[in-house]
Amino acid sequence: MNDLKLYMILLGAKPLGRNTEQHDVFFGIARELKDLASDIRNFWPDAGKSIHIDAWREVNYVNGHQIKIIPKTTKDYIQSDEKKPQLFFINLGGYKKGEFEEFHYKMLIVDVSRAKAINKSKQTAFYKHVGFKGAPSHIDDKYGIDVDDICEVQEVLNEKYKANYSISISQTVGLEEDELQLGFLLLNKL
């Protein structure tokens with residue numbers, strides 16, 4: 001029985017020379033969250049001992065689709081097809097008048113193309129209500145530069161995961177939304 005899971009983790013750290021805590025999103029594949037500690041440290045080596053988890057979720061269900069991890073060595077593995085639904089990570093950014101901050105809303109969307117996933121993200125309350133004339137809501141890509149980009153989760157997995165696993169997406173009904181785990185968690189407490 002395959003009990004591997006896809007994890008989406010919001011990491012925080014105050015790297016040397018920074019004035020404020022920084023954040024990044026890490027996607028990993030493991031049986032349990034604690035199995036990812038080493039990969040998380042390797043993902044953000046500049047973070048040092050300040051690295052911690054601010055939020056995480058097991059990714060099992062995304063807008064009507066079940067998400068499973070399939071080892072590429074099994075008979076269940078099927079080569080990716082561009083017309084099949086893909087799992088996209090979108091980082092929406094926006095501003096509020098009078099607030100010295102860029103607010104973010106991180107989301108996962110399943111769709112068959114980047115354009116369709118972007119359109120879905122533009123229907124969220126965050127996109128519609130965070131921003132104003134001169135500072136509109138926008139989509140930050142994985143590097144925070146190109147406002148028209150998003151990324152497939154399969155693309156941002158580290159090479160170890162990409163070489164060994166595939167993300168299987170199937171339409172389903174009746175699954176509960178993934179539970180978001182929020183709060184400060186040090187890696188050595190996993």
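Student: I'd like to learn to read salt bridges here; what distance, N to O, separates the side chains of D111 and K120?

Tutor: Happy to start there! Side chains of opposite charge can pair when their charged atoms come close. The term salt bridge is used when a side-chain nitrogen of Lys or Arg lies within 4 Å of a carboxyl oxygen of Asp or Glu. In this structure, D111 and K120 meet in such a bridge at 3.1 Å, N to O. Before we go on, a word on what you are viewing: this is a predicted model, in which local features need pLDDT of at least 70 and side-chain atom pairs count only at pLDDT 80 or more, while totals for chains, interfaces and linings use all residues. Numbering runs from 1 along each chain as its sequence is written, and side-chain values use heavy atoms, with hydrogens and water left out.

Student: Are D111 and K120 buried or exposed, or something in between?

Tutor: Relative accessible area sorts that out: under 20% is buried, over 50% is exposed, and partly exposed is in between (1.4 Å probe, protein chains only). D111 is buried at 12%, whereas K120 is partly exposed at 36%.

Student: How many salt bridges are there by this rule?

Tutor: The count comes to 8. One of them joins D39 to K160, at 2.8 Å from N to O. D39 sits in helix α1 (residues 37–43) and K160 in helix α5 (residues 159–164), so this pair ties together parts 121 residues apart in sequence. Helices here are DSSP runs of H or I with at least four residues, strands are runs of E with at least two, and both are numbered from the N terminus. D39 is buried, with 12% relative accessibility, while K160 is partly exposed at 44%.

Student: Which residue forms a salt bridge with R114?

Tutor: That is E155, and the closest N and O atoms are 2.7 Å apart. Because R114 belongs to helix α2 (residues 114–121) and E155 to helix α4 (residues 153–156), the pair links parts 41 residues apart in sequence. R114 is partly exposed at 27%, and E155 is also partly exposed, at 33%.

Student: Let's turn to strands. Which strands pair with β6?

Tutor: Two strands pair if DSSP finds at least two bridges between them. Strand β7 (residues 103–111) runs antiparallel to β6 and is joined to it by 9 bridges; there, G94 has F103 as its bridge partner. Strand β9 (residues 151–152) also runs antiparallel to β6, with 2 bridges, and C151 is the partner of F89. As for burial, 9 of the 9 residues of β6 (residues 86–94) are buried.

Student: What order do the strands take in the open sheet of 3 strands?

Tutor: The order is β4-β5-β10, with antiparallel pairing. β4 (61–62) and β10 (165–171) are the edge strands, each pairing on one side only.

Student: Which residues touch the most other members of the largest nonpolar core?

Tutor: In soluble globular proteins, nonpolar side chains tend to be buried together. A nonpolar core is a set of buried Ala, Val, Leu, Ile, Met, Phe, Trp, Tyr and Cys residues joined through side-chain atoms within 4.5 Å. In the largest one, which has 35 residues, the answer is L6 and L87. Strands supplying at least two residues each include β1 (5–13), β2 (22–30) and β3 (52–59). The largest share, 6 residues, comes from β1. There is also a second, separate core of 11 residues, with I90, M107, F126 and I150 among them.
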